[in-house]
Every structure is written in structure tokens, then in C-alpha cells.
Amino acid sequence: MWIDLAITMVKIIFILTITVGFFAPVLTWVERKQSAIMQDRIGANRADIMGFTALGLFHIMADGLKMFTKEDFIPEGANRALHTLSPIIALIPAILTFAVVPFGGVYELWGTQVNLVISDLNVGLLFVFAIASLATYGYVVAGWSSNNNWSLLGSMRTASQMISYEVTMGLTIIGVLMVYGSMRLTDIGAAQETGFWGFILQPFGFLMFFAASIAENKRIPFDAPEAESELVAGYFTEYSGLKFGMFFMAEFIEMVTIGAILTILFFGAWHLPFLTTADLLSMFDFLGDSFANLIVMFIHVGVFFGKVTFFIFVQMVIRWTLPRFRYDQIMKLGWKMLLPLSLLNVVGTGLVILALN
Amino acid sequence: MELLIFYPLALASIILALFVVFNKSAIGSAVCLIGMMLGLAGVFILLQAHFLAILQVIVYAGAIMVLFMFVIMLLNLKDDDTKWKIRERNVWLSSAAGVLMVGVLYKFMDATADAEFNSPATVPENFGTAELVGTSLFTDFVLPFEVASILLLAAMVGAVVLAKSKVD
């Protein structure tokens, strides 16, 4: 009982450290530096401690300090309670998704079974989907409570865009469900140890899910809700200081979430290609059972977050490559192209499964 | 142990439901309604109906309420519209609905009056999983399920037709 509780606490602390503590701040730097490299600029390099710039990494600290000390501004006529509440509503779902995300398999450590997922729900995949759909409210309420027309326009675009792409997301998830026959994310991950990875079995599902999830996160090319050139900053126009920082953080954590879900559903979760857990264990057999398990665990967690990092990199490349879609183009893409295609994907997957059986 | 989770959830749901009715701003009501639905989802989880709880969050809290909010924001109600008032022509309809609701509540009370509190029934294997809900939907309840689907389809087509005649 107590040891289970302790293990769960360690897992929660690990996940919070790696998302809120590591990925979110470092990604703010990566985004600037990567865009600079892609556009042949130098990028963030001015913040220094006693002459050391560390490739501009100190900008993370400078940013944090700036956000903490900025004035927290609430516009006149705004709904104060909802205005304060909405960044929280936006940030919580981004972190909450990781409750069901497995970042490793099951390991036998000194007589204790360690399953590297905080909560192994049997409806894990739907849980991810449900939490993603709740995230909409943070953005919608933010725009409405600001008493600003730009914000309101931004949040209306957010609402319609997120509803539209949720449909596609849900339908592509069904394809994955049909292939692996489980909604438990750990099962889907484990099935890819020896079986084919998701992107081979569901290539169209992968592409559509990727597109829909970028749209859900409202990043370029789907960033009409916060289009700078049209709406100042969309739904968070009237936010400053740490409240703005929370919206910012939610976006970056969501990038990590998207990377994690893509990895689990389509890219073999924590597994290395052609190397089963048993193979890895036999490689470290000379260390004894528990130590071998420990090392394999570290390898798997490393592999998982390596894949996640790769998908974050891909998202950043997309963000700095494509221009923004117009609002009506986003709607057209969602309802007239992705939705029928994802329906076809479900039917096609069903037919293939039927034919193979 | 279960009551320890149930009572706060139930209390929160009831208070939020009251706020839905008595809140002055429409958006505030909507936010309270979302909170109430999440509370209900929590009660479903206590009843071991995990799949139903998740569906409650996805369909009601996640999809339908976003549309509600969208409409509320689009209408952008003026002060005059947000005042509390009872429409004359709706009085009889509302009263009839209320009487029916009391009947439903009586039926519930009647059914659960003999039940022992704090002695949960034994839960069958697989109860509340997606597999079991799906199987019973497509075997025991296939007719109501199909009727409901056709009803939803008809409503969807109706909405499209209504909206289209406005646009053209």
C-alpha cells in the first residue's frame, strides 16, 4: 500500500518535472533558437551571467523573472473572476493528460512491479480525448471575460476550430482502436513491441491525427484564433504577467502531450524497433535481474522521451515553415476534407480487418 | 470510503445546478453547468461506470456546452435580455413539466427506498467497460439504439435545412 503510494508520487513528480520543469521552459528557448537557425538569424543570445551566455539559455530565467514581476492587468469591465480563472482552466487539462500517458512498460524491481503510468485507465484513450475537449473552455472563457472585441473574436474562432477538429481526432482514434483492439494506452504501447507500429497500420490516421492535433493546439498553420496581424493576440490579448505565461506554458505542454500521444499511438511507444524487452534484458543479464530491469527501464524512458522530442521538433519545423491558413480555409479543411477522409479511414480499416480475419 | 467521495461530489453538483438557475450572466450559468456535469461524471465513476463517465465529459461537457457557449457569445446578450422573467405562454408548459418531473423523482424514491445505504451491490466482471456497454447496445438494446440514431440523424438534417434556407 505505502510502497505503491510512494511509487505513484515519484511518477507524478517525475512527469511534472519533465513537462512543467523541463520541456515547457526549454521549448521557449528552442522555439526562438530553432526559428533563428531556420531563418538564418542568430536568435536569443543577450542574457548573460558574468559574460557567459550558454547559447542564450539564460533567457529562460530572464523570461521567468519578467513574467513574475510584470503588472497583473485586468481590463475595465472584465469579469474579474472568470478572467483570473481561465488561464488555470487552460493549463490544467494540458498537464492532466499525462495522468494516463505511459512513458515505459512494466518492470520488476526488487520484488515490486513498477508500471510506468500514473493511472492505467481502461478508457485511457478516451480520457485523453475528453481532457482535450475540456481545454477549449480556458480559451473561450478567456476571450469572453476580457471585455475586448479582439479577444471575443479570437475565442469564437477557438471554439469553432477546436470543435471541428475534435471530430476528426475522434474518428482517427477509432481507427487505432480497431487495429489494436484496446483503449488502454499501455496495451496499445505493448502491442507495438512485436507487432507493427501504428504509422504502418494507420498511415492516413497518423497524418490526419497529426494535423488535427496541431489545429487543436492552435499553432501555425492553424493559429487563426490568435492571429497577430488580425486580432492583436486573439483570446489572450488582455493578459499579462504570469497569467499570459500560463497560456504560453499550456501551449508548450500541449506540444509535449501531442508528441507523447503520437509516440504511443503511432510510433512504437517506448520500444526500440526490432528490439523486444526480453532482448534488452538478456543484454544486461550479467548485472542481475533487478539492475537489468532498472537499466532497461531507463533505456525505455529515454527512448520514449527521445521520440517525443523528435515530434516536438517536427511541430516546430512545421510552425516555422508554413504560413497561416485563413479562417474559412481552416473550416473547409476540417469539415470538407479531413472529416470525410477520416470516416473513409474508419470504413477502410474495418474492411481490411474483416478481409484479414 | 465511497460516501466520503460521493457527498462532496453530490453537494457540489447540486450547488452548481442551483447556480445555473440563479446566476445573472448567461456565461456564468454555462460555466456552472459544465462544473455540474463534471461532478456528475465523478458520480458515474463512483458507480463503476467509467465509460459512461468519460462519455459524459466528452459529449456533454466537451462538445455540447462548447456550442452553448459559442451561441451565448454570438448573441452577446444585452442587460435587458438577461433579466429574470417568466414568459406568460410558458407557464402551463413549465408547470406540466414540473409535475412530470416530480412523478419521475417519486418513482426513483420508490425504487430506492428499501435499499440499504453504504452497502454497495457486487459489481459484475467487466461492468461499465466500453466492451460491455457496446455489446449490450448492439444486442439487448439494438432497437432503442437505432431509433435514437435515426432521431439524431433527422435532427441533424433538420438543422442543416433550417440553416441553409436562411443563408440562400
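Trainee: Is I54(B) buried or exposed?

Mentor: One caveat before that: this is a predicted model. I54(B) is buried, with 26 other C-beta atoms within 10 Å.

Trainee: Where does I54(B) sit?

Mentor: I54(B) belongs to helix α3 of chain B.

Trainee: Which residues is I54(B) in contact with, leaving aside neighbours within four places in sequence?

Mentor: V123(A), L126(A), F127(A) and A130(A). Within chain B, look at A41(B) too. The C-alpha atoms of I54(B) and A41(B) are separated by 7.1 Å, and the two residues are 13 apart along the chain.

Trainee: Let's do the contact between the chains. How many residues does each chain put in?

Mentor: Chain A gives 19 residues and chain B gives 18 residues.

Trainee: Which elements of chain B give two or more residues to that side?

Mentor: α2 (26-46) and α3 (50-75) of chain B. The largest share comes from α3(B), with 13 residues.

Trainee: How do the residues on that side of chain B divide by class?

Mentor: There are 15 nonpolar and three polar residues, and no charged ones.

Trainee: OK, geometry. At what angle do α4 of chain A and α3(B) pack?

Mentor: About 20 degrees, with their axes 9 Å apart. Helix α4 of chain A covers residues 124-145. An angle under 35 degrees counts as roughly parallel. So α4(A) and α3(B) are roughly parallel to each other. The crossing of α4(A) past α3(B) is left-handed.

Trainee: Which residues make that contact?

Mentor: From α4(A): L126(A), F127(A), F129(A), A130(A), S133(A), L134(A), T136(A), V140(A) and W144(A). From α3(B): I54(B), V57(B), I58(B), A61(B), G62(B), A63(B), V66(B), M69(B) and M73(B). By class, this helix pair has 15 nonpolar, three polar and no charged residues.

Trainee: Switching to chain B by itself. How many helices and strands does chain B have?

Mentor: Seven helices and zero strands. Along the sequence the pattern reads α-α-α-α-α-α-α. Of the 168 residues of chain B, 15% count as buried.

Trainee: What share of the contacts in chain B with a separation of 6 or more is between residues 24 or more positions apart?

Mentor: 58%.

Trainee: And how do α2(B) and α3(B) cross?

Mentor: At roughly 175 degrees, and their axes come within 8 Å. That makes α2(B) roughly antiparallel to α3(B). On α2(B), the residues in this contact include A26(B), A30(B), I34(B), A41(B) and I45(B). On α3(B), they include H50(B), Q56(B), Y60(B), F68(B) and I72(B). By class, the pair has 20 nonpolar, two polar and no charged residues.

Trainee: Now the core. Which residues of the largest nonpolar core touch the most other members?

Mentor: A90(A), L126(A), F129(A), A130(A), I253(A) and I54(B), out of 108 residues in that core.

Trainee: What does I253(A) touch, not counting residues up to four places away in sequence?

Mentor: T19(A), V20(A), F23(A), A24(A), A94(A) and I95(A). I253(A) also turns up where α3(A) and α10(A) meet, along with A90(A).

Trainee: How do α3(A) and α10(A) pack?

Mentor: At an angle of about 20 degrees, with their axes 9 Å apart. That makes α3(A), residues 80-96, roughly parallel to α10(A). This crossing is left-handed. Among the residues involved are P87(A), L91(A) and A94(A) of α3(A), and K243(A), F247(A) and E254(A) of α10(A). The classes here are 10 nonpolar, one polar and two charged.

Trainee: Last topic, backbone checks. What phi does K218(A) have?

Mentor: A positive one, about 60 degrees, although K218(A) is not a glycine. K218(A) lies in the loop between α8 (203-216) and α9 (228-231) of chain A. K218(A) is buried, with 22 other C-beta atoms within 10 Å.

Trainee: And what about A269(A), what is its phi?

Mentor: Also positive, about 50 degrees, and A269(A) is not a glycine. A269(A) is in the loop between α10 (241-266) and α11 (277-283) of chain A. A269(A) is buried, with 28 other C-beta atoms within 10 Å.

Conventions
Residues numbered from 1 in each chain as written. Chains lettered and ligands numbered in written order. Predicted model: local features only at pLDDT ≥ 70, side-chain atom pairs only at ≥ 80, totals over all residues. Contact = placed C-beta atoms within 7 Å. Helix = DSSP H or I, 4+ residues; strand = E, 2+ residues; numbered from the N terminus. Nonpolar A, V, L, I, M, F, W, Y, C, P; charged D, E, K, R; others polar. Axes fitted to C-alpha atoms, helices over the stretch in contact; angles between N-to-C directions. Parallel < 35°, antiparallel > 145°, perpendicular 65-115°, else oblique. Left-handed = near helix turned anticlockwise from the far one by under 90°. Core = buried A, V, L, I, M, F, W, Y, C linked by C-beta atoms within 7 Å. Buried ≥ 20, exposed ≤ 12 C-beta atoms within 10 Å, placed from the backbone.
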